[in-house]
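Please keep the model open beside you as you read.

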Amino acid sequence: MNKAKRTRQYIIEKAAPIFNKKGISGTSLSDLTKATGLTKGSIYGNFNNKDDLAIAVFKYNVDNLTRFFIRGINNAKTYINKLLAYPAAYRKLYKTMLAFGGCPILNTATEADDTHQMLCRLTAEAIEGWRKTIIELIENGKQAGEIRRDTDGGMVADIMISLFEGGGILSKVTGKDDFMMSSIYHVEYVIKSISNGAIRPLERS
């Protein structure tokens, strides 16, 4: 990595928690110069503007979160345990994520849905990618005989993502861990309920 790329990466890493906590509109140039120790010219010599930096930061934050999930998935031996790697990751990450400002996907979605078209699109793509990975694990689990064949992978993915993000925002707003811990528990329950031999499959009402 050359000096220019190292400087760009340094700016992204220092700006990441600021954007995640304050959002695009709440992050000022003085916040960025203070965090990086660089001048305005140095920052905007590497990025076209604040929006350009915000996009790079979002990709960096999502990549870090995704890599953490993937490590857990790759280390698991069965597809049920690969799915359980998600709630296990949230148990480990939850406190750190709160200190970092919360889930970058949820934070960006909340701010960008009506205000920033590019970030809104990138957030939607991150959610769809996450959903696709869960569905693929479920389909592979069906083929391996670990997961009930009548399981609706899309519904399970939607429930998991909604519980994680919903529990996260409620705990962040109220300052109570119970919401997130309850969400993690219920995600685990959902995953175990689709294992082959479980009492009942998930069904659409």
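T123 is found in helix 7, residues 117-143; helices are DSSP runs of H or I, at least four residues long, numbered from the N terminus. This is a predicted model, in which local features need pLDDT of at least 70 and side-chain atom pairs count only at pLDDT 80 or more, while totals for chains, interfaces and linings use all residues. Residues are numbered from 1 along each chain as its sequence is written, and side-chain values use heavy atoms, leaving out hydrogens and water.

I161, for its part, is found in helix 8. The C-alpha atoms of I161 and T123 are separated by 13 Å, and the two residues are 38 apart along the chain. The table gives their burial, where buried means under 20% relative accessible area with a 1.4 Å probe, protein chains only.

| Residue | Relative accessible area |
|---|---|
| T123 | 4%, buried |
| I161 | 10%, buried |

Who touches them? Contact means heavy atoms within 4.5 Å. Leaving aside neighbours within four places in sequence, T123 is in contact with F58, I105, T108 and A109.

Now to the linings. Helix 5 (79-99), helix 6 (104-112) and helix 8 (153-174) each supply at least two residues to the lining of the largest cavity. Helix 8 gives the most, with five residues.

Technical notes: Buried means under 20% relative accessible area, exposed over 50%, partly exposed in between (1.4 Å probe, protein chains only).
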